[in-house]
Amino acid sequence: MKETEISKHTISVLVENESGVLARVIGLFSGRGYNIESLTVAEVDAVHHKSRITVVTSGTPMVIEQIKAQLSRLVPVHKVSDLTLSGPCVERELALVKVIATGEKRVESLRIADIFKARAVDATNNSFVYEIIGSTEKIDAFIKLMEPLGLSEISRTGVAAISRGTLTM
Amino acid sequence: MAERIMNGSEVVLQALADQGVEVVFGYPGGAVLPLYDEIFKQNRIRHVLVRHEQAAVHAAEGYARSTGKVGVVLVTSGPGATNAVTGLTDALMDSIPIICLTGQVPTHLIGNDAFQEADTTGITRPCTKHNYLVKTPEKLARTLHEAFHVASSGRPGPVVIDLPKDILVGKAPYLEPAQVQHRTYNPVVKGDRADIERAMALLATAKKPILYCGGGVINSGAQACKLLTEFSRMTGVPVTLTLMGLGAYPASDKQYLGMLGMHGTYEANMAMHDCDVMIAIGARFDDRVTGNLDFFSPGSQKIQIDIDPSSINKNVPVDIGIIGDVGHVLEDMTKVWKAKQYKINAKALDGWWKEIDLWREKRCLSYKQPKDVIKPQHVIRRMHALTRDRKTYITTDVGQHQMWAAQHFGFEHPHEWMTSGGLGTMGYGMPAAMGVQIAHPDATVICFTGDASVMMNIQECATLKQYHLPVKTVILNNRYMGMVRQWQQLLHGSRYSESYSESLPDFVKLADAFGFTGLTCKDPADLDAVLQQMLDIDGPVILDVAVDDKENCFPMIPSGKPHNEMLLGDETNEDQAIDSDEGMVLV
Ligand SMILES: Cc1ncc(C[n+]2csc(CCOP(=O)(O)OP(=O)(O)O)c2C)c(N)n1
Ligand SMILES: [Mg+2]
């Protein structure tokens, strides 16, 4: 890859689940001027108090290398893994999408939801809340199609990601 | 082992004692009164009362850098902690191991805007290597021991421990250092053998090699400095040092090219520009060192050794990166070099030295000392000459005087040079000198400062007096913020906006007011005698030397210029301006 080419990377960070750890990670990105396109965090190991942070970021290869090195040297960080480089991985996001509409638009939104395998998890006479799970691109496409059909509110989780096959962090 | 239960303050002092701490630099206040009470009751740990919390951190930095140990600071909550922020940032930039204990309001008041509450961990997160807020007594001892491990291992740095008052007062269990192991932080010290072998194979092909060494060598310790000297002598490779690295290699050695960078020597910068193999050792390619990155050492293959993986490939892409402690890596480099019986092409190396000798002939640091006015460089040179047979430590403030001290005082040993490199903190010099003098009571400790910088922590004169610290403060008084004036002259059409030191105090009277000696000197003929007089006084002295007020610091690589476009003093007369918009936006 060219030194100046900007590419998107999904980075998983295994951290101690202690107070302030998320602030450290976010502060590092804002303080050093790195991009955050998406960020998710939750505890994944209650016994050993470990949380997993997944960051989607972009930059030149040198910047991506810096991001990983900077993350690795934070004291409460156990491990940093670049899922984009380490092989194929699964990336999923969940979105809740509220559509307020009646008549033909309402029916059309249901039809599209069906194609995208989105579920209606709440319904009233003039609204739906759809739950959709998939890649960021799929969710983007779904939202775009809902726009003219009464799209009124979105809540997205950000990306969770994991390597395919037997590879673990 | 059975847990011992004590009160929180006792736990803190026990942990400090078990970590080998001898002295704490601090300033009391409401939130830390329980700790001060405990300090009062014991005599294992000495407390040095500074007069401003920023100075406490700089003093601890001076202590740490001159001993290789961890420096310890104790301040109260709120303003005590915020006053320490500049010092912490300074220590972070220059990789100095510091433990800073800050008081905090009791845990049940945190978040309530209580009196003297500040979000200390929030404020200090970006200016520490790590920080802790101790919320439960069970975590207290563990946190203290962990903090020492974090501050002193890997790339050293400052660590803050925020201590709520109820934790200091309540009961808490004590753990010995040996009972605490860190779960995540265990930096690599041994370099990768294959990378080291590749690096030595590359060096063996070099025709114009150079060793570019920084503060990491000093942080690695005296043994690493010795290994560096042996390695360079064995291979015949020239050595240049960064501002932070001065003393890592003897300045009098014939293979030493002097300091590099913005105010480095002509020969060091030209050699960096023209070399074909560069080994960066514990140095981080700071912008003050590289100049314009687009033109930085264009023809060289680069090897970088650093304990901090994030230093490698940060500003300058390198061909071989070796992560590890400089001392360990140098040892392995020496072994590999000998085992493989490598030799640098003698003919090529000879040619390289001939080129270097031509650059040296520029004598880029030379100056003329006239009869009527003292040149600032001359003060540094004379001081160096007069202190050769004493154990001498130098601290500086920030500005032209700092660069002249770096250029003209030949440092032969590590740990004898303390300066604020990365942050460039005016006000560093005098408190740092205090810390050095506390650590080395019998040594000569000299602070070279400027008329503007000295005012930034002048209150520490009282600390010097209280503890009979015989620090010799030498003001190179040009009545200007000289470095600012120099940039204004060269980059801003000689419009000296707010850089004149108006209303300076009478420094002799000032010293007198604090209860010690003040001296002045303005005649070049008196200089040696006054310096000697100062050195002979058993106590603190401030010496105000009136120096040439328009002297500029050269050589200089203007911001945004490559190494081989250095300005040398003689070519740049009074009104020669640097014509560069790009340089103007850079710092
Ligand atoms: C705390 C702080 N404020 C401002 C600066 C910017 N600055 C760098 S050098 C300098 C002038 C220093 O003047 P002086 O101490 O007299 O030293 P000289 O350059 O004259 O030797 C200033 C203001 C700084 N480095 N640190
Ligand atoms: Mg000045």
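Here is a friendly conversation about a predicted model with two chains and their ligands.

Biologist: How are residues, chains and ligands labelled, and what pLDDT do local features need?
Modeller: Residues are numbered from 1 along each chain as its sequence is written, while chains are lettered from A and ligands numbered from 1 in the order in which they are written. Side-chain values use heavy atoms, without hydrogens and water, and in this predicted model totals for chains, interfaces and linings use all residues, side-chain atom pairs count only at pLDDT 80 or more, and local features need pLDDT of at least 70.

Biologist: Which element gives the largest share of the shell around ligand 1?
Modeller: The shell counts 17 residues, with B:Gln400, B:Gly424, B:Ser453, B:Gly482 and B:Met483 the closest; a residue belongs if one of its heavy atoms lies within 4 Å. Helices (H or I, at least four residues) and strands (E, at least two) are DSSP runs, numbered from the N terminus. Three shell residues, the largest share, come from helix 20 of chain B.

Biologist: Is B:Thr395 buried or exposed?
Modeller: B:Thr395 sits in strand 15 (residues 392-396) of chain B, and a polar atom of its side chain lies 2.9 Å from the backbone oxygen of B:Gly429. Its contacts (heavy atoms within 4.5 Å), not counting residues up to four places away in sequence, include B:Met418, B:Ile446 and B:Phe448. Buried means under 20% relative accessible area, exposed over 50%, partly exposed in between (1.4 Å probe, protein chains only). Because its relative accessibility is 0%, B:Thr395 counts as buried.

Biologist: Why is helix 16 of chain B largely enclosed by the rest of the structure?
Modeller: Its buried residues, among them B:His378, B:Ile380 and B:Leu386, pack against helix 17, strand 17 (444-450), strand 18 (472-477), helix 22 (527-536) and strand 20 (541-546) of chain B. Helix 16 (residues 376-386) is largely enclosed because its buried residues number eight of the 11.

Biologist: Turning to chain A, what percentage of its residues is buried?
Modeller: Chain A has four helices and nine strands, in the order β-α-β-β-α-β-β-α-β-β-α-β-β from the N terminus. Its C-alpha trace spans about 55 × 45 × 35 Å along the principal axes. Of the contacts with a separation of 6 or more, 73% join residues 24 or more positions apart. Among its 169 residues, the buried share is 42%.

Definitions and conventions
Polar contact = N/O pair within 3.5 Å; in protein donor to acceptor, adjacent residues only side chain to side chain.
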